[in-house]
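Here are a few notes to go with the model, written for reading side by side with your viewer. Take the points in any order you like.

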Amino acid sequence: MGGEALNSISQDVANLVLDDGPRNPAAFAAYDSEPPPPPKLKSRGVIAMDITEQFTNAAQQLDMGQLIKDPYFTLFESVGALEIMDRKMDSGYLESGETMEDEYDFSEALLPEEIIGIIDQLLCHEMAWHMGHPLSQTIFTSLYIDRLLSPCPLNLDQTYFDRSESCSSDEPLTLQILRAYCLGLIRTCSYINNRVKAEHYYEEEDFVTHTFNRNLLENIDHESILKLLDETAGLLSSAQEMGSNLRIALGCRLRFRAQFLKVVEMADARTPTNIKDLWTDLLAALPDIKSSTHLGKAVPASFSTKIQRKLASTVPPRPIVQVSQDAAFEHLERLCRDASVVVEVLKYYESHSLMTFVILFQTRKPQPSVYVRTLLQHYLFCDMVILGTMSIRQVLDDDLAATVLPAHKLLDRGNDDIEVPHDPRHNMAARMEIFRSRAAGSYLDILRTICQNRCRIRRTLCHTIADWDNLQLDAEELDQELREFTQEEPTVDPEISNDPIYSFPLSSWAYFYKLRQMEWIVQVGFELDTYQPDELVGMYWYLQYLAKTRSRHLERMRGFIMRSYASFRRNPETAGQKQVEFANAFSFVNFSTMEAAATYGFADALSCLYTVLSRLSLIPSPPRPYSDDSMRYEVRMKPFSTIGLPELIQFDDLTQLITQPNESTIDIINFAAESVMGAKKGFEILSKLNAKDAYCQGSHDSWLKNIKDCLKACIFTSITISTVKKLVEAAGKDGQVKAKVEIPAAGKGYHDWWIVPKVIP
């Protein structure tokens, strides 16, 4: 707003006269009634005055739409004014007859059925917290939990619900059961909360770690709580006045809480001993709890939203999150199963199997909970020691040896012992250390990214590929420097170029992983339903372009590995020692080539299929008044626009490659049929590989299921192509086809990455 306008408003305010009559009395007829009495404020320093009439008269001087703002009345003050006496915003607002806090009698003994009901409700709230809801709307709504945490206890003697002097000796058994369970619950939440906060996650998007300035019993010894649980279970077993079914129901809940507390405390240890069994035993304890839920009696009065008024929170009061018992038990069972599986990552086979394990674990449906995903991060990266036993260098060197540098002098650890500056081995070690320090973060970022939720995985990969593109350029410079010390002899291929060709191993390795991430971005886009139906043809074409580029790059890598292997075979002394490393490198390159071929064959078939369906007007484009095909392509390709290699296909060229105007419809259909048959054969071969040859040791069952799902999608695609071919042949010269196309929603097909249309004649 300009200075003249401000001066004008200030002048208008100065000219206002409180005694001026209204310009339009009829508009304020509603205010002619008797105004309410002024508030009764009892204070010697405050004199209350009714300014309603003066304010109304002053407001009548303003024109319609005119706004006057005091420069000292800030946004904070305006929002604060809106909060006052608004039940949705003012946590201190009380209805008539309402009290600030709940008047609940904690000394009253509860029935065993009521204890079961409260415990089961607390379990539902605990799982709601795991699902991403804040503690203020879940566990902290329990009056008994609030009683334990406020004020912060320092020992178990300060945790009695009844604060009277005789509470410690006269505590009813039912209240002791509830107290022991609540203490175990809070301590369990403390371990889980600390684990999640220690790893990479997204607040409000995945999990809410905010404790609202409450201490989760971190001052009380872990063993003392376990001891209380065991003692309470012993007292319960000897309580003959309680029905046997109720004793069994309460006993299994106490044992479950003790087991849960033990396993979350031990889960942080990166030793697979007994952890998997603990999670399995915890899962086995759930059926007994589920079968006895009908014995519980709900106690709604023991939960209240009023507790939020005492929490250190900046958000307005929110209702209690209600999660059904079935949903809570389902989530808890899945958490136990996933946690028992994630422990298997601690057994290291080789780097590619490790990567495959993390990828396949994160594709589980539904996706593992945040706590399990942070456990996976802890096992992988804690203290920068991979899996608790390995250095980052060891994992990187294993990956390089299995990809581009089998049995190579650059990875010889003996180079580190050479201190002569002019020795080539010293220079090789120095430059390889530079590369490792640069590549380690990028390599670990791939694993860390995959540990996030599916949407965040794709979003983060769009940023990491730029880092890998820079890494490729840096590695290329190091390759040129290392060439001087390795005395690499170039090769000449007249079919490619007359210039000498070098292997560029470090740059090739970075390029390989960059291509993999670019493929994942496109594939996860299909899973997340990012693309519209008329965009699938272009995205599947781009996927086959990336996969085919990776396949050609693997052929180049194989050629240089073969050349290096031939030179080693000339020396019979070292050939036998290095045979295993070369065999492993050849095996991985062959496996990756086969997988890339199946990917680009399937993607090519789907792209051609969608091209034909578009020609037949079976996939219409929705109206987009604010965009066109070129703008949408720019948005889809934005993550790849800054990447040097592979080059981004221009929109006009892509349109020609997709539409194939020089090809007939029947020719495109026949090509799609051939492509999908080739992909089907590729997936069939892959499905017969063992865990070692498929580089999925530790996750072979999940990998095999993934391949079989791809194979099912291939078979369904071939059926769809056959159906479309019959329709095209029966259409005749006019080309009119009467059919309906259904695009399955995300997660409804055979495989999330392969969206196969269903054609209904």
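1. A word on terms first: helices (H or I, at least four residues) and strands (E, at least two) are DSSP runs, numbered from the N terminus. With that in hand, Pro 646 sits in the loop between helix H21 (629-636) and helix H22 (651-659). The peptide bond joining Leu 645 to Pro 646 is cis, with omega at about -5 degrees.

2. Some ground rules. This is a predicted model, in which local features need pLDDT of at least 70 and side-chain atom pairs count only at pLDDT 80 or more, while totals for chains, interfaces and linings use all residues. Residues are numbered from 1 along each chain as its sequence is written, and side-chain values use heavy atoms, with hydrogens and water left out.

3. On confidence: pLDDT is the predictor's confidence in each residue, from 0 to 100. The protein averages 89, and 90% of the residues score at least 70. Over residues 27-31, however, the pLDDT is below 50, and beyond near neighbours in sequence this stretch has two contacts (heavy atoms within 4.5 Å) in the model. Where pLDDT is low, the predicted coordinates should not be read in detail.

4. Pro 151 belongs to the loop between H5 and helix H6 (167-170).

5. Helix H5 (residues 143-149) also holds Tyr 144. Tyr 144 counts as buried because its relative accessibility is 0%; buried means under 20% relative accessible area, exposed over 50%, and partly exposed in between (1.4 Å probe, protein chains only). Leaving out residues up to four places away in sequence, Tyr 144 touches a set of residues including Tyr 104, Phe 106, Phe 161 and Ser 302.

6. Now the open space. On a 1 Å grid over the protein atoms alone, a pocket is an open set with protein on both sides within 12 Å along at least five of seven lines, a cavity is a set of points where a 1.4 Å probe fits but cannot get out, and lining residues have an atom within 4 Å of a point. Grid points are joined across faces, edges and corners, and a volume is the space filled by probe spheres set on the points. The largest pocket holds about 980 Å³. Its lining has 41 residues, with Ile 359, Leu 360, Trp 703, Asn 706 and Trp 753 nearest the centre. H24 gives the most to this lining, with eight residues.

7. Which residues line the largest cavity? They are Ile 359, Gln 362, Thr 363, Ile 450, Arg 454, Ile 457, Leu 461, Trp 520, Val 524 and Trp 753. The volume of the largest cavity is about 100 Å³, and H17 gives the most to its lining, with three residues.

8. Since 23 of the 23 residues of H18 are buried, it is largely enclosed by the rest of the structure.

9. Leu 387, not a glycine, has a positive phi of about 60 degrees and is buried, with a relative accessible area of 1%. Ser 617, not a glycine either, has a positive phi of about 60 degrees, but Ser 617 is exposed at 58% relative accessible area.
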